[in-house]
Amino acid sequence: MIISDSHTHHEHRHGAIINWRPGMAIEPDLYYSAGTHPWNAGTRDAIASLPESPRIVAVGEVGLDKAQGTPLDIQQKELLKWIEISENRELPLILHIVRAFPEIIALKKQLSPKQPWIIHGFRGKPQLASELLRHGFYLSIGEKYNPEAVAVIPRDRLLLESDEGTGIPLIENADPTLADKIFLKNLQSGGDGGEEP
């Protein structure tokens with residue numbers, strides 16, 4: 001097991017997918033995701049500064065957030081750019097979704113992506129978890145979560161994350177190898193650069 005934390009903002013955390021931002025150094029022994037958070041959609045061109053590195057193993061945190069000020073149409077345009085990068089580079093997509101679950105489900109149905117889509121920081125009810133699972137999403141759970149929802153998430157769809165917290169939650173039915181299978185698939189299959197994990 002290389003990756004136990006599927007999403008963090010802690011810059012030097014080993015065993016994690018670190019949320020990269022423009023200007024951050026890419027360390028040779030760490031793994032990263034890169035994208036434009038929906039709160040920043042339309043404010044900068046993170047795509048232009050996206051490094052070509054085998055250490056970038058996911059796209060994100062990107063998504064849709066109806067609870068903040070950026071207009072949804074701007075967020076959607078930004079998200080579509082990152083989805084294209086996810087598909088072209090064959091990288092999983094880490095999604096920040098707030099009050100926009102119908103929209104993200106509809107978009108996934110419309111686009112039929114080949115790469116995994118992961119809802120990070122999932123705190124919803126079991127009914128929402130079941131609906132997202134039916135549509136092929138993975139769900140990532142942080143320190144705050146709904147235990148009833150976690151109970152309906154199968155091992156092969158449940159990821160753990162620290163996000164901005166101190167550590168990952170202890171969830172008994174989580175598969176400790178799932179994050180490696182999703183995020184390091186290109187390295188494990190001898191794909192695009194980097195050392196074997």
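Predicted model: local features only at pLDDT ≥ 70, side-chain atom pairs only at ≥ 80, totals over all residues.
1. Eight strands form an open sheet in the order S1-S2-S3-S4-S5-S6-S7-S8, and their pairing is parallel. Strand S1 (5-8) and strand S8 (158-160) stand at the edges; each has a single partner strand, so one side of each is left without a neighbour in the sheet. From one strand to the next, the twist averages 30°.

2. Strand S2 and its partners. S1 and S2 run parallel and are joined by two bridges, with threonine 8 standing opposite isoleucine 18 in S2. S2 also pairs with S3 in the parallel sense, over four bridges. There, isoleucine 18 has tyrosine 32 in S3 as its bridge partner. Tyrosine 32 in turn has isoleucine 56 in S4 as a bridge partner. Strand S3 (residues 31-34) and strand S4 (residues 56-65) run parallel and are joined by three bridges.

3. Burial of S2. Is strand S2 buried or exposed? Five of the five residues of S2 (residues 16-20) are buried, so the strand is largely enclosed by the rest of the structure. In a regular strand the side chains alternate between the two faces of the sheet. In S2 both faces are covered: Ala16, Ile18 and Trp20 are buried on one side, and Ile17 and Asn19 are buried on the other.

4. Helices on the sheet. Helix H1 (residues 72-89) lies across S3, S4, strand S5 (93-98) and strand S6 (117-119), and runs at about 160° to S4. Helix H2 (residues 101-111) also packs on the sheet, where it touches S4, S5 and S6; its direction makes about 170° with that of S6.

5. The length of H1. The 18 residues of H1 should span 26 Å at 1.5 Å a residue, and the end C-alpha atoms are 25 Å apart, which agrees. After H1 comes glutamate 90, which has a positive phi, near 55°.

6. Which residues of H1 are buried? They are Gln75, Glu78, Leu79, Trp82, Ile83, Ile85 and Ser86. These residues cover an arc of only 160° around the axis, which puts them on the same side of H1. An α-helix has 3.6 residues a turn, so residues three or four places apart point the same way. The buried residues of H1 pack against S3, S4, S5, H2 and S6. The face of H1 turned away from its buried side carries the exposed residues Lys77, Glu84 and Asn88.

7. Glutamine 75. This residue lies in helix H1. Glutamine 75 counts as buried because its relative accessible area is 1%, and buried means under 20%. Its side chain reaches the backbone nitrogen of aspartate 65 at 2.6 Å. Leaving aside neighbours within four places in sequence, glutamine 75 is in contact with Pro38, Ala41, Gly63, Leu64, Asp65, Gln68 and Thr70.

8. Histidine 96. Strand S5 contains histidine 96, which counts as buried at 11% relative accessibility. A polar contact of 3.0 Å joins its side chain to that of glutamate 61. Histidine 96 and tryptophan 39 are 57 residues apart in sequence, yet their C-alpha atoms are 9.8 Å apart in space. Leaving aside neighbours within four places in sequence, the residues in contact with histidine 96 include Trp39, Glu61, Asp65 and His120.

Notes: Residues numbered from 1 in each chain as written. Heavy atoms only, no water. Pairing = 2+ DSSP bridges. Axes fitted to C-alpha atoms, helices over the stretch in contact; angles between N-to-C directions. Contact = heavy atoms within 4.5 Å. Expected span 1.5 Å × (residues − 1). Buried < 20%, exposed > 50% of the residue type's maximum accessible area, 1.4 Å probe, protein only. Arc of directions from axis to C-beta. Polar contact = N/O pair within 3.5 Å; in protein donor to acceptor, adjacent residues only side chain to side chain.
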